[in-house]
Amino acid sequence: MMTFLTIFLVLVGINIALVAVSLISVSQKAKTTAQKSAKQPTSVIYPLDLLTTSYKKAV
């Protein structure tokens with residue numbers, strides 16, 4: 001019969017394994033994304049001119 005401590009330790013071990021796999025996959029995705037973005041040409045982003053309206057002076 002499993003005790004509470006045994007079940008708890010098994011669940012903690014599974015959790016640690018899942019976190020490790022998740023971190024490894026995120027690290028690999030970041031490397032491939034960086035390589036893809038380095039190959040693509042950069043585009044120029046122009047700022048929006050939102051302050052073209054004129055304001056009336058308050059009384």
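The following legends describe close-up views of a predicted model. Local features require pLDDT of at least 70 and side-chain atom pairs pLDDT 80 or more, whereas totals for chains, interfaces and linings use all residues. Residues are numbered from 1 along each chain as its sequence is written, and side-chain values use heavy atoms, with hydrogens and water left out.

**View 1. Overall chain.** The protein chain contains one helix and zero strands; helices (H or I, at least four residues) and strands (E, at least two) are DSSP runs numbered from the N terminus. Of its 59 residues, 0% are buried, where buried means under 20% relative accessible area, exposed over 50% and partly exposed in between (1.4 Å probe, protein chains only). The chain exposes about 6,400 Å², of which carbon and sulfur atoms supply 70%; areas follow the Shrake-Rupley method with a 1.4 Å probe, and for residues only the protein chains shown count as cover.

**View 2. The aromatic pair Phe 4 and Phe 8.** One aromatic pair is found in the whole structure. The ring centres of Phe 4 and Phe 8 are 6.1 Å apart and the planes meet at 20°, so the pair is stacked (centres within 6.5 Å; planes under 30 degrees apart are stacked, over 60 edge-to-face, the rest tilted). Both residues belong to helix H1, four residues apart, about one turn of the helix. Phe 4 is exposed, at 69% relative accessible area, while Phe 8 is partly exposed at 43%.

**View 3. A nonpolar surface patch.** Met 2, Ile 7, Val 10, Leu 11, Ile 14 and Leu 18 together present about 590 Å² of accessible area. Patch residues have over 30% relative accessible area and no salt bridge, with like charges joined within 9 Å and nonpolar side chains (Val, Leu, Ile, Met, Phe, Trp, Tyr) within 5 Å; a salt bridge places a Lys or Arg side-chain nitrogen within 4 Å of an Asp or Glu carboxyl oxygen. Ile 14 lies in helix H1 (residues 4–39) and is partly exposed, at 45% relative accessibility.

Technical notes. Rings of Phe, Tyr and Trp (its six-membered ring) pair if their centres lie within 6.5 Å; planes under 30 degrees apart count as stacked, over 60 as edge-to-face and the rest as tilted.
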